[in-house]
Amino acid sequence: MINITIPTPDVTITKQDNPELSNIYGFTDFHLITRDKGGIFMFYNDNQELLFVGKARKLRPRIKKHFNDNVSPIKLHRDEVSKIEVCTVRDPAHREIYETYIINELKSKYNVEKVYYK
């Protein structure tokens with residue numbers, strides 16, 4: 001049996017109710033997320049339900065793209081996202097394993113690929 005432990009987030013940013021600074025869907029702290037490193041990210045709602053899990057070679061641009069892109073799986077649910085957790089994972093194979101594991105272990109709501117629990 002393989003034992004996988006979900007990594008502890010390196011950065012967590014939360015949506016602000018009335019942000020005074022420039023924001024994307026209420027998030028103002030994207031600068032805390034590394035721009036040049038790879039890893040995995042998780043979007044949660046107010047009830048701490050996992051909405052979406054993704055992986056990226058460059059985290060900040062990829063996460064921001066989910067809030068601007070017309071083909072993102074969360075495009076109809078962007079307002080639901082209240083927390084973003086980011087874990088730096090350098091190895092691409094490890095990112096793939098973590099993403100698939102988290103999608104299925106925590107039963108991510110809006111991931112459509114790599115879903116084996118349905």
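1. A salt bridge here is a side-chain nitrogen of Lys or Arg within 4 Å of a carboxyl oxygen of Asp or Glu. In this predicted model, Lys83 and Glu85 meet that rule, with their closest N and O atoms 3.3 Å apart. Both Lys83 and Glu85 are buried. The count by this rule comes to six salt bridges.

2. The unreviewed UniProt entry lists residues 36–112 as "domain: GIY-YIG". That span is 29% helix and 25% strand, and its end C-alpha atoms lie 27 Å apart.

3. Helix α2 covers residues 92–105; at 1.5 Å a residue its 14 residues should span 20 Å, which agrees with the 20 Å between its end C-alpha atoms. At the start of α2, a side-chain oxygen of Asp91 comes to within 2.8 Å of the backbone nitrogen of Ala93. Lys107, which follows α2, has a positive phi, near 50 degrees.

4. The buried residues in α2 are Arg95, Glu99, Thr100, Ile102, Ile103 and Asn104. Their cover includes strands β2 (39–44) and β3 (50–56).

5. Glu99 pairs with Lys55 in a salt bridge, the closest N and O atoms being 3.2 Å apart. Since Glu99 lies in helix α2 and Lys55 in strand β3, the pair ties together parts 44 residues apart in sequence. Glu99 has a relative accessible area of 7% and is buried, whereas Lys55, at 29%, is partly exposed.

6. Glu99 also forms a salt bridge with Lys114 (2.4 Å, N to O). Lys114 sits in the segment after α2, 15 residues from Glu99, and is partly exposed at 22% relative accessibility. Salt bridges link Lys55, Glu96, Glu99 and Lys114 in a network.

Methods: Residues are numbered from 1 along each chain as its sequence is written. This is a predicted model: local features need pLDDT of at least 70, side-chain atom pairs count only at pLDDT 80 or more; totals for chains, interfaces and linings use all residues. Side-chain values use heavy atoms; hydrogens and water are left out. UniProt positions are given in the numbering used here, feature names are shortened, and annotations may be inferred rather than shown by experiment. Helices (H or I, at least four residues) and strands (E, at least two) are DSSP runs, numbered from the N terminus. The expected span of a helix is 1.5 Å times one less than its number of residues. Buried means under 20% relative accessible area, exposed over 50%, partly exposed in between (1.4 Å probe, protein chains only). Contact means heavy atoms within 4.5 Å. A polar contact is a pair of N or O atoms within 3.5 Å; within protein, one must be able to donate a hydrogen and the other to accept it, and residues adjacent in sequence count only if both atoms are side-chain atoms.
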